[in-house]
Amino acid sequence: MSFRRSASMNAGGDLSPRGLVSHRSQKKHSFTSPALSLGLQTGTEAQMNLSRITGDENDCRSGSDNLETVSGDDVDQEQNPRKKKKRYHRHTPQQIQELEALFKDCPHPDEKQRLELSKRLCLESRQVKFWFQNRRTQMKTQIERHENAILRQENDKLRADNMAIGEATRNPVCSNCGGAAMLGDISLEEQNLRIENARLKEELDRLCALAGKFLGRSTPCFAADNIDVAPPPFPRSLLELGVGSNGGFAAGLVPPELFPPTPATISPLHGGGAVAHLTSSDRSMLLELALAAMDELLTMAHMDAPLWIRSSDGSAEALNYEQYHRSVSRIAGLSPAGFVAEASRQTGMVIVNSLALVETFMDSDRWANMFSSIVAKNTTVEVICNGAGGTKNGALQLMRAELQVLSPLVAIREVNFLRFCKQQAEEGTWVVVDVSVDFIRENASSGSSCRLMPSGFVVRDMPNDYSKLVWVEHAEYDESQVHLLYRPLLRSGLAFGAGRWLATLQRRCECLAILSSASNLDESGTITASGRRSMLKLAQRMTEAFCAGVCKSSAHEWTKLESHSIGPDVHVMTRKSVGDPGEPAGVVLSTATSVPLPLISPKRLFDFLREAGLRSKWDILSNGGPMYEMAHIAKGQAAGNAVSLLRASVRIPLINQITRKQQLNPKSQIPFCNTQAVSSNQPSMLILQETCADASGAMVVYAPVDVPAMHLVMNGGDSAYVALLPSGFAILPDGGEGSLLTVGFQILVNNQPTAKLTVESVETVNSLISCTVQKIKAAVFHYGD
């Protein structure tokens, strides 16, 4: 049979399966045989012999999903029909594997990539080109078939719903007798309510299955007659949940008995506008997001190499992003323009059991108190679920927090996030995950400058009230808001990474364990047990006030000052203190700056600054003389974690304010007060100091304190009425062998809250911080020599 005859038979109504294919499907999908492929490409069916083409049909297969690959020799045959036709090239399994691997990473290779691949696989460039064309065509066909199947299912469901609604409308039932009712007996409003009720019951059945996965157990669903019905299977992944092209999640209704409404809140889902409470649709989206985030966190916590790359010293792990995009079902879409990613994982032991740790994290106040150096401010927007069975299993909260690095050169991170807690099948194992809600905002482009990817920890109980944690931190942020000095630190994960969170938790839990011991008194033996607790509470308040004065957060009403006399890296802020018994009343000035010390390790710098005998080298309050330790309360096994009370060796006035009458010493360039006379019977000045250090950094915080007030505190008095303004230092590693030092001072410049701030006061404080930095740089290089 000639080719012309075969073509005419198909045109005239061939009954073979090939003849039933429509012209549209032939044009849209890849060709089903090389005969049709060549015929449609050249339009010269009359010049070809069908038997010759079908004889070579099996040799034209590429070996990858039955794709036909046209070689360069075939193109020459089309251009010159008289030229002898060569056999199609059959790709080897190795060639197909290489081609498929490149297709996953780059479906559209450029000419350079095709040439390189053709040389490596011993193929012609045109063969590689046509293979990728056919592979893309096949992929497009599969996607279209999948979309068509989904659309058909949705169409069938809508048709069934429409028929059910029509049937219910045509056959109304009387609510009193149960018999057929006249249309006139039921109002149109009641008919609509019944239809809506039927739809809500179907939605409730679907969400009962969702709640069962959320709580880790089966949740019964109830029909109208209170008979248990089996919940429908619920999809496991976000793809099955029906993520739309706009990135939103499938909305639904959450059972009201599981998630009761709460009073008026501010919803971050709609750009921060005031709403009565989260709607049912919002709750459903948040629940689905929390479940997906927990799946991603568990994958990242349990998977090792090649997903995580361990550092050369084995102290930290970094994320392999190439492997991450291949092996992890990422819940987020594309990163916003200008955003960069940071990810880290850390494993360690903590002196706390899993239940106590979970309770701390699900209580926003206790969580912020545990991480006061990281969490500047936090708010629980809404408690969506309190958990099941009197525990935190299944607890879900919507929260807002401001995270900080103790440096004025790093902007505060504002995040709106979900916190989800769930107990695992293994006894004593819990998971706590945080994830930003920006992924389901109505206007994602108007979100904050930081997106918190699924982050959190997996905790498992160990013997002797210890627990083992695997902590993962993953975020994307706008790097343009970060000073150049701190960009390497943030990218490495040392600033907001898992190592800092875990090290802070370890230090605080060790402190609580030591302080809970009844026999742990101060080393000097001069403070009672109640006095020790009161003194530690005062020191904690002092450290929190210092952190609040370094970074400008919404927790404190600081006003930033701009002046030509202030350096570009020096931040000066002011506020009025009125009615707070914990600090003196008046105008408070806060100044802070950060400087690099590339040749000084964080440990060496910390040991130098905490040494009482060396304070005279940089502290103006020492008046050039050494200081001695009156009391010492250990807060950890390391010698540097302690609260101390220092006394100067000479009698000097307490410098707690700078007024217009103050002058500047031309020799030392340090401000001093010449308005107070020193009496011979004046007691020595006392300084309360707290020092703490861990693997992520260190702090030295101190404040001058009134002697009578400290006597009351040491005897167990209330420390809330001790007025103080803290100063101190924050030390961070620079990623190498050096340190990043932040210096901060808070000073009362006028004891009248209504007083105007003078230029002289600002310049004096600016000189104070500059001089202190210079003295530290000069002295620390010789420390330990």
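Aromatic pairs come to 17 in this structure, where rings of Phe, Tyr and Trp, the last by its six-membered ring, pair if their centres lie within 6.5 Å, with planes under 30 degrees apart counted as stacked, over 60 as edge-to-face and the rest as tilted. Please keep in mind that this is a predicted model, in which local features need pLDDT of at least 70 and side-chain atom pairs count only at pLDDT 80 or more, while totals for chains, interfaces and linings use all residues. Residues are numbered from 1 along each chain as its sequence is written, and side-chain values use heavy atoms, with hydrogens and water left out.

Let me take F103 and W131, whose ring centres are 6.4 Å apart with the planes at 85°, so this pair is edge-to-face. The pair links distant parts of the chain, since F103 belongs to helix 6 (residues 93-105) and W131 to helix 8 (residues 125-170), 28 residues apart; helices here are DSSP runs of H or I with at least four residues, strands are runs of E with at least two, and both are numbered from the N terminus. F103 and W131 are both buried, meaning under 20% relative accessible area, against over 50% for exposed and in between for partly exposed, with a 1.4 Å probe and protein chains only.

Y702 is buried at a relative accessible area of 3%, and F729 is buried at 0%.

Finally, ring pairs join F361, W367, F371, F417, F457, W471 and W501 into a cluster.
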